[in-house]
Amino acid sequence: WWAIAKMMMRQAIKKKGFWICGVLSGWYYMVMMVVFYFVDVLSANAGAIHNQFLSNINWKDQFTTGISTAQLFLLFVAMVIGIGTIANDNRANALLVYLSKPCTKLDYLIGKWVGIFIPLYCVALVPGLIFWAYIAMSFREYGSVSSAPWVPLQLLVISAFPAFLMASLCVGISSLFNQGRNAGFMLFGAYFVSNIFTKMMGGIYLLVSDSRIIKDLFYASVDGLSIGMAKLAMFTDGSTMMVQRSQQAAVTVGRPDAWFAILAFFGISALSGWVAWIRIRPVEVVG
């Protein structure tokens, strides 16, 4: 399985789309580094000893926002490196070769999954670590480290959620098709249809803010599950930077119930893996 994973990762890093989407996935962190830099410089030029804007930043929530805003580009990365991984093998009848001894079906499936997971994990993790290093060195006096001391370890965890889910969906959906583009269309459609549903739930939640069911359904999408799991791991409900803390509950949707997020996240991942397991078989595909 490791040989299959390494081959996939070598192919991934040779693709320009992987690097372009990977860099763009960290756009929020890059924007905030520029904003924080200029706010700090302007404050120093004005002779201010303490910057009120930086003092009110919820540093921990910057990372949940960073993971949230990266979801679309992580989808693109998954489509570039992984969505055609099994479908193209089906088209080329490569399973007849792969699944000959000593490579088993389990070796093949794990290799394909790991070959998608590791690049996605790195793309999700690296921008967050760079951002944390920047704020730790530059804004320690504003609580960037003391208010969120476990962020580096939490980043290792929350970066795994979108990579885990996307890798599972890629192998599951890809195994259903003989053309990588068709698998890509299905993943793309699943992402946006579920996203539209959660946007509707978000609008309803603003009207019925005491409904736990609506709050959980707000996270019932491909990106929402990863965001909900990230909020649980960061122990935060999220926040909006330009809104006063007293008004945060009225404009943000709190983290989902743990049982719902964990069950949905690992349930969908397991279902995708099971579909791939059933579909992967060394038979000649016609058509």
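Helices α11 and α14 are roughly antiparallel to each other, a class that covers angles over 145 degrees, with angles under 35 degrees counted as roughly parallel, 65 to 115 as roughly perpendicular and the rest as oblique. In this predicted model, local features need pLDDT of at least 70 and side-chain atom pairs count only at pLDDT 80 or more, whereas totals for chains, interfaces and linings use all residues. Residues are numbered from 1 along each chain as its sequence is written, and side-chain values use heavy atoms, with hydrogens and water left out.

The axes of α11 (residues 160-174) and α14 come within 9 Å and cross at roughly 150°, where axes are lines fitted to C-alpha atoms, for helices over the stretch in contact, and angles run from 0 to 180 degrees between N-to-C directions. The crossing of α11 with α14 is right-handed. On the α11 side, Phe161, Pro162, Leu165, Met166 and Leu169 meet Val222, Leu225, Ser226, Met229, Ala230 and Ala233 of α14, contact being heavy atoms within 4.5 Å. By class, the residues of this contact are 10 nonpolar, one polar and no charged.

Lys105, Leu106 and Leu109 of α9 meet Gly273, Ala276 and Trp277 of α16, and the contact comprises four nonpolar, one polar and one charged residues.

The largest nonpolar core has 75 residues, of which Phe36 and Tyr108 touch the most other members; such a core is a set of buried Ala, Val, Leu, Ile, Met, Phe, Trp, Tyr and Cys residues joined through side-chain atoms within 4.5 Å. Helix α9 gives the most to this core, with 14 residues. When residues up to four places away in sequence are not counted, Tyr108 touches Ile4, Thr85, Ile86, Asp89, Leu95, Tyr98, Leu99, Cys103 and Ile280. A second, separate core of six residues includes Tyr205, Ile214, Tyr219 and Val253.

Terms used
Helices (H or I, at least four residues) and strands (E, at least two) are DSSP runs, numbered from the N terminus. Ala, Val, Leu, Ile, Met, Phe, Trp, Tyr, Cys and Pro count as nonpolar, Asp, Glu, Lys and Arg as charged, and the others, Gly among them, as polar. Buried means under 20% relative accessible area, exposed over 50%, partly exposed in between (1.4 Å probe, protein chains only). A crossing is left-handed if the near helix is turned anticlockwise from the far one by less than a right angle, and right-handed if clockwise.
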